[in-house]
Amino acid sequence: MRKKIDTGFEDTKGLLRGVSGFLEVLLLTVMYYIVWRVGYDDGLFPNYFHKGKYVLMGVYALLLILILQNFDGFLFGRLRKTDVVLAQWIAILLVNFVIYWQLCLIANQLISVVPILILFAGDMLVALFFVIATTAVYHHFYAPHSMIMVFGGENSVVLKIKMDARQDKYLVKKLISVEEGFEKICSEILKFDAAILTDIPAQIRNDLLKFCYRNRIRVYIAPKISDIILRGGEEINLFDTPLLRVKGVGLTLTQRIVKRSLDIILSVIAMVIALPIMLVIAAAIKLEDGGPVFYKQKRLTLNGREFNILKFRSMIVDAEKYAGAVLAEDNDPRITKIGKLIRATRLDELPQILNILKGDMSIVGPRPERKCFADEFSKEIPEFEYRLKVKGGLTGYAQIYGKYNTSAYDKLRLDLMYIESYSIVLDIKLMLLTLRIMFSKDSTEGIDKAREREKRRDELIHEMNNDRDASATSVGSKD
């Protein structure tokens with residue numbers, strides 16, 4: 001039988017993250033006060049060395065909490081250490097950037113940036129220490145759960161391979177096909193701490209969910225398209241029967257107006273900031289092979305309308321002339337030297353700021369697909385067109401939480417989660433998180449990696465079938 005989970009102890013995960021985050025913010029705020037007090041002349045801030053200092057410290061602490069929270073900087077143990085460290089460093093950089101200009105405004109002049117740079121260096125060390133220490137404590141007290149995966153189609157086994165990459169959190173010890181039957185699956189589930197349900201028929205999934213709920217076994221479910229649509233439903237409480245209203249119209253008029261206004265304001269600011277970088281990239285592309293700087297390609301946006309998306313050219317001229325429309329692979333010979341760099345850092349997408357200003361795209365939204373690919377995906381996944389309920393985006397849910405090689409179905413689910421959970425706050429959070437994934441190698445994981453997973457999937461299915469055959473033979477010989 002499975003070991004009994006101490007649910008009270010499990011609930012302390014949030015408490016651990018909260019206490020660690022509070023202590024970190026407190027220490028960083030005290031460091032800010034010391035650097036500000038020692039690094040700058042008293043005459044620059046005559047009204048802030050008494051009670052006013054608490055206002056400055058409070059603003060600094062509040063910014064840290066808000067930006068670290070939205071950067072997933074407090075997810076100790078849930079994310080990889082490197083991801084949390086990177087999230088914290090970028091968040092702290094943004095906070096110190098804002099605080100520097102706040103101090104300039106208070107002093108009514110440009111002040112030295114050296115104390116803030118010293119503060120940032122110290123902050124990075126503190127963040128590194130807290131992430132390493134808290135993650136170590138987390139993994140010491142919270143062992144990964146022993147898990148069983150109930151799957152339907154063979155493609156869903158790929159989820160186990162993905163989870164195996166995080167064995168510090170997930171230990172998928174057994175695979176069982178839904179074809180084994182409800183009673184057999186339930187008896188197996190009781191031997192584990194948690195169950196994963198993926199790509200199985202709705203009726204047996206509902207029955208297994210209720211079984212696990214009754215027996216206090218935690219469940220991880222890969223949602224179907226209908227599940228995600230229901231997430232965006234509005235509760236109706238006018239009657240004694242619970243109702244959910246699903247409109248299916250995408251964004252409301254008010255949301256579209258606010259989103260468009262935010263797109264214009266931020267795109268203008270981004271263009272001013274990015275212009276020097278764009279000029280350097282353009283010159284480098286031109287110098288490498290003398291070809292055009294920009295690359296235009298037809299993509300789909302709101303309601304299936306086509307537009308020309310702009311990119312910095314990262315491949316040789318006429319790359320598709322012989323190969324046709326195919327996704328780039330790892331070490332693709334068509335990619336230029338400059339192209340490798342700008343693709344790895346997503347800088348090839350910068351010209352799309354012009355697409356956003358024109359109104360063809362939004363800053364956040366489903367990544368625009370080519371019509372030939374969209375038509376191909378729609379043959380197997382008719383719901384793929386649901387992504388066109390909003391404008392295509394420069395970044396989005398699938399870009400933050402997916403990878404380059406994420407399957408079309410998984411991208412659709414991620415994009416629908418964004419559409420059905422849409423809010424301006426979510427847009428801002430995804431914009432901030434985009435800064436983090438620009439430096440994450442996992443997000444650019446290519447087609448070759450996907451093929452490795454498919455090969456491993458086939459091996460797992462083969463091993464499982466052999467075990468099943470051996471078990472059946474053993475039972476037959478006893479009979």
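**Aromatic pairs, salt bridges and a bent helix**

In this predicted model, Tyr142 has a relative accessible area of 6%, which is under 20%, and therefore counts as buried. Tyr138 is buried as well, at 2% relative accessibility. Elsewhere, a ring meets a charge, as the charged end of Lys169 sits over the ring of Tyr170, 5.5 Å from the ring centre.

The protein chain holds 18 helices and 10 strands. Of its 479 residues, 44% are buried. Among contacts with a separation of 6 or more, 73% are made by residues 24 or more positions apart.

Helix α10 spans residues 253–289 and has 37 residues, yet its end C-alpha atoms are only 46 Å apart. A straight helix would reach 54 Å at 1.5 Å a residue, and α10 falls short of that. Where does α10 bend? The bend, of about 50°, is at Ala274, and a proline, Pro276, follows within four residues. Ala274 is also one of the buried residues of α10. Residues three or four places apart in an α-helix point the same way, because the helix has 3.6 residues a turn. Several elements take part in covering the buried residues of α10. They include the strands β8 (306–312) and β9 (361–364), together with the helices α12 (337–344), α13 (352–358), α16 (408–420) and α17 (424–437). Just after α10 comes Gly290, which takes a positive phi of about 75°.

Side chains of opposite charge can pair when their charged atoms come close. The count of salt bridges comes to 17. In one of them, Lys311 pairs with Glu349, and the closest N and O atoms are 3.9 Å apart. Lys311 lies in strand β8 and Glu349 in the loop between α12 and α13, and the pair links these distant parts of the chain, 38 residues apart. Are these two residues buried or exposed? Both Lys311 and Glu349 are buried. Glu349 has a further salt bridge, with Arg367, where N and O are 2.5 Å apart. Arg367 lies in the loop between β9 and α14 (371–380) and Glu349 in the loop between α12 and α13, so this pair ties together parts that are 18 residues apart in sequence. The relative accessible area of Arg367 is 13%, which makes Arg367 buried. Glu349 has a value of 14% and is likewise buried.

Asp375 is partly exposed, at 37% relative accessibility. Lys371 is also partly exposed, at 41%. Salt bridges can share partners too, and in this way Lys162, Asp410 and Arg413 are joined into one network.

The last stop is a loop residue. Arg216 is placed in the loop between α8 (202–214) and β4 (218–221). Is Arg216 buried or exposed? With a relative accessibility of 71%, Arg216 counts as exposed. Its C-alpha atom is separated by 9.1 Å from that of Asp193, a residue 23 positions away along the chain.

How values were computed:
Residues numbered from 1 in each chain as written. Predicted model: local features only at pLDDT ≥ 70, side-chain atom pairs only at ≥ 80, totals over all residues. Heavy atoms only, no water. Helix = DSSP H or I, 4+ residues; strand = E, 2+ residues; numbered from the N terminus. Expected span 1.5 Å × (residues − 1). Bend = angle between axes of the 7 residues up to and from the residue. Buried < 20%, exposed > 50% of the residue type's maximum accessible area, 1.4 Å probe, protein only. Contact = heavy atoms within 4.5 Å. Salt bridge = Lys/Arg side-chain N within 4 Å of Asp/Glu carboxyl O. Lys NZ or Arg CZ within 6 Å of the ring centre and 35° of its normal.
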